[in-house]
Amino acid sequence: MERKERPFDVIGQLAALRRYARALVRNSDDAEDLVHDALVRAFEKRQSFRRAGNLRTWLLSILHNAHIDRVRQNRSVARRHDEAALETDSSLPAGQEHAVRLQQVRDAFFDLPEEQREALHLVAIEDLSYQEAAASLGIPVGTLMSRVSRARAQLREFEAATPRASHLRLIGRNGNESS
């Protein structure tokens, strides 16, 4: 008895897509995201699928192209971050304590995890509302608020742990500084 297959039955191809995605990204969570992205692309482009074509090959090709796009995007982001770091590192540190302190705060900001840094930047620096920032990042508002909260908590911990230079000096009775 021959089984009649539907021409666009992606459910039957999920196992193969997941295996290939895991082989490409070596992480099951990232693989699931990649499969999801590929299936969304396939659904959006389903009109371009030739009915006589091989659905598995077509889907694997879409998955591969989605992976290549992600790799390129990650490289582009890394390159922009590296260029930004070079720009900021090329400035000469000032002799004032204030400039040193600003550098420390900047470094603490850049040490935040990327997702927290993005969220905090949009809300605190770009002055977007939580709704606008969440829409910009494509995440729920609650997730954005959580990321901003964790980023601020980490910066507060940094502030509490960083010793501050005192501007006060102890002056002796004769008007000279004490050591």
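This is a predicted model: local features need pLDDT of at least 70, side-chain atom pairs count only at pLDDT 80 or more; totals for chains, interfaces and linings use all residues.
Residues are numbered from 1 along each chain as its sequence is written, and side-chain values use heavy atoms, with hydrogens and water left out.

The protein chain contains 7 helices and 0 strands, and its elements follow the order α-α-α-α-α-α-α along the sequence. Helices (H or I, at least four residues) and strands (E, at least two) are DSSP runs, numbered from the N terminus. Of the 179 residues in the protein chain, 21% are buried. In this scheme, buried means under 20% relative accessible area, exposed over 50%, and partly exposed in between, with a 1.4 Å probe and protein chains only.

On a 1 Å grid over the protein atoms alone, a pocket is an open set of points where a 1.4 Å probe fits, with protein on both sides within 12 Å along at least five of seven lines; lining residues have an atom within 4 Å of a point. The lining consists of Gln73, Asn74, Val77, Glu114, Glu115, Glu118, Leu137, Ile139 and Arg147. Helix H3 (55-89) and helix H5 (114-125) are the elements that give two or more residues to this lining. By class, the lining comprises 3 nonpolar, 2 polar and 4 charged residues; Ala, Val, Leu, Ile, Met, Phe, Trp, Tyr, Cys and Pro count as nonpolar, Asp, Glu, Lys and Arg as charged, and the others, Gly among them, as polar. The second largest pocket lies between domain 1 (7-79) and domain 2 (96-162), because both domains give residues to its lining. The domain bounds come from an automatic or database domain assignment.

The structure holds 2 aromatic pairs. Rings of Phe, Tyr and Trp (its six-membered ring) pair if their centres lie within 6.5 Å; planes under 30 degrees apart count as stacked, over 60 as edge-to-face and the rest as tilted. Phe49 and Trp58 form a tilted pair, with 5.0 Å between centres and 45 degrees between the planes, and both residues are buried. Phe109 and Phe110 form an edge-to-face pair, at 5.6 Å centre to centre and 70 degrees between the planes. Within this pair, Phe109 counts as buried because its relative accessibility is 14%, whereas Phe110 is partly exposed, with a relative accessible area of 39%.

A further ring contact involves Arg46, which lies over the face of Phe43 at 3.9 Å from the ring centre. A charge sits over a ring if NZ of Lys or CZ of Arg is within 6 Å of the ring centre and within 35 degrees of the ring normal. Arg46 is placed in the loop between helix H2 (28-44) and H3, and its relative accessibility of 31% makes it partly exposed. The C-alpha atoms of Arg46 and Phe8 are 8.0 Å apart in space, although these residues are 38 apart in sequence.

Arg26, in the loop between helix H1 (14-25) and H2, has a positive phi of about 60 degrees although it is not a glycine. This residue is exposed, with a relative accessible area of 74%. Asp127, found in the loop between H5 and helix H6 (130-137), likewise is not a glycine and has a positive phi of about 60 degrees; Asp127 is exposed, at 65% relative accessible area.
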